[in-house]
Amino acid sequence: MAAPQIVVRSSPKWQFLMALGLDGRNRNHQAQYWIMKSEAIRVYDAQLMGNRGALKAQYARELPPFSANQFSEEAFINAVNTIVNNACSQTRSLYDQGAAQGQPNWVARWVLYHVCRYRDGRNKKAARSQNFHDDDDENDDIAAQLPAVGRAEGTLRFTIQLEIRTDDK
C-alpha cells in the first residue's frame, strides 16, 4: 500500500479522508472519523481549552475560545502526541499513516486543528447549530443517526458502536 498523501491542516474533510483511503459515504469510515474526532476533543478539553499556559506569549491576555494558531507549537504538538499515544484500536492504524520521521503526526494534527477551528467562534454556522467539532457534518448521513447520550457544557456526546467488515470470511 502506498504511503498516504500528507494533507495540510486547512484541507477540507473529503480530502483528508481520501488521503487516508477512507470513503466519507461508508458508514464504517464515518464512524472511524467520529472516533478520531472524539479522541481529539478529549485532548483539546484536557490540554488546550482555556489553558493560557498553552498560548503563544502575544495571546496570553486573549479571552477564550482560542484558535489553533494562538497555541504555542509545543503545546499543540504535545496535544497531537497525546492523541496518537492514546489512540484506540479502531483509530490506531489511521494515526500510524500520519507518522513521519521527525515530524508531528499529520493525521492527529489535522483532526485537532479542525476541532479547534470549530470551537474558536469563526464558524457562524457551527456556532448557530452548536456543532463545534466539525467542518462539514451536514453532509454526513451518520451524524443524524447517532444517538445522543447526554450533554455537558454545550457539548453533544455520542456513543458509537463500530463494526468493521472485511471481505475475508
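Trainee: Let's start with arginine 109. Is this residue buried or exposed?
Mentor: In this predicted model, arginine 109 has 15% relative accessibility, so the residue counts as buried. The cut-off for buried is under 20% relative accessible area.

Trainee: Where is arginine 109 found?
Mentor: Arginine 109 is found in helix H5.

Trainee: And what is arginine 109 in contact with, leaving aside its neighbours within four places in sequence?
Mentor: With those neighbours set aside, arginine 109 is in contact with Arg9, Glu73, Phe76, Ile77, Val80 and Pro104.

Trainee: Some of those names make me think of H3. At what angle do H3 and H5 pack?
Mentor: The angle is about 115 degrees, and the axes of H3 and H5 are 9 Å apart. That makes H3 roughly perpendicular to H5. The crossing of H3 past H5 is right-handed.

Trainee: Which residues make the contact there?
Mentor: From H3 there are Glu73, Phe76, Ile77, Ala79, Val80, Ile83 and Val84, while H5 brings Ala108, Arg109, Leu112, Tyr113 and Cys116. You'll spot Arg109 in that H5 group.

Trainee: Nice. How about H2 and H5, how do their axes cross?
Mentor: Helix H2 covers residues 27–48, and the axes of H2 and H5 come within 9 Å and cross at roughly 70 degrees. H2 is therefore roughly perpendicular to H5. This crossing is right-handed.

Trainee: Which residues of H2 meet H5?
Mentor: On the H2 side they are Tyr33, Met36, Lys37, Ala40, Ile41, Tyr44 and Leu48. They meet Val107, Trp110, Val111, Leu112, Val115 and Cys116 in H5.

Trainee: Then H2 and H3: at what angle do they pack?
Mentor: H2 and H3, the latter being residues 73–85, pack at about 135 degrees with their axes 9 Å apart. The two helices are therefore oblique to each other. The contact involves Glu39, Ala40, Val43, Gln47 and Leu48 of H2, with Ala75, Phe76, Asn78, Ala79, Thr82 and Ile83 of H3. The crossing of H2 and H3 is right-handed.

Trainee: Switching to aromatics: how many aromatic pairs does the count come to?
Mentor: The count comes to five aromatic pairs. One of them is phenylalanine 16 with tryptophan 110: the ring centres are 3.9 Å apart and the planes are at 5 degrees, so the pair is stacked. The cut-off for stacked is planes under 30 degrees apart.

Trainee: Why does that pair tie together parts that are 94 residues apart in sequence?
Mentor: Phenylalanine 16 lies in helix H1, residues 13–19, and tryptophan 110 lies in helix H5, residues 106–117, so the pair links parts 94 residues apart in sequence.

Trainee: Are those two buried or exposed?
Mentor: Phenylalanine 16 counts as buried, at 0% relative accessibility. Tryptophan 110 is buried too, with a relative accessible area of 0%.

Trainee: Which residues form the aromatic cluster?
Mentor: Phe16, Tyr33, Trp106 and Trp110 form one aromatic cluster.

Trainee: And what sits over the ring of tryptophan 34?
Mentor: The charged end of lysine 37 does, 4.0 Å from the ring centre.

Trainee: Let me jump to tyrosine 95. Where does tyrosine 95 lie, and is this residue buried or exposed?
Mentor: Tyrosine 95 lies in helix H4, residues 92–96. Its relative accessible area is 1%, so tyrosine 95 is buried.

Trainee: What does tyrosine 95 touch, not counting residues up to four places away in sequence?
Mentor: Tyrosine 95 touches Met36, Glu39, Ile83, Val84, Ala87, Asn105, Val107 and Ala108. Take methionine 36: this residue is 59 residues from tyrosine 95 in sequence, and the C-alpha to C-alpha distance is 8.9 Å.

Trainee: One for the loop between H2 and H3. How exposed is glutamate 62?
Mentor: Glutamate 62 lies in that loop and counts as partly exposed, at 37% relative accessibility. Leaving aside neighbours within four places in sequence, glutamate 62 is in contact with Arg52 and Gln70. Arginine 52 is 10 residues away in sequence and 8.6 Å away in space, C-alpha to C-alpha.

Trainee: Last thing, the overall picture. How many helices and strands does the protein chain have?
Mentor: The protein chain has seven helices and two strands, following the pattern α-α-α-α-α-α-α-β-β along the sequence. Of its 169 residues, 43% count as buried. Among contacts with a separation of 6 or more, 59% are between residues 24 or more positions apart.

Conventions
Residues numbered from 1 in each chain as written. Predicted model: local features only at pLDDT ≥ 70, side-chain atom pairs only at ≥ 80, totals over all residues. Heavy atoms only, no water. Phe/Tyr/Trp six-rings, centres within 6.5 Å; stacked < 30°, edge-to-face > 60°. Helix = DSSP H or I, 4+ residues; strand = E, 2+ residues; numbered from the N terminus. Buried < 20%, exposed > 50% of the residue type's maximum accessible area, 1.4 Å probe, protein only. Lys NZ or Arg CZ within 6 Å of the ring centre and 35° of its normal. Axes fitted to C-alpha atoms, helices over the stretch in contact; angles between N-to-C directions. Parallel < 35°, antiparallel > 145°, perpendicular 65-115°, else oblique. Left-handed = near helix turned anticlockwise from the far one by under 90°. Contact = heavy atoms within 4.5 Å.
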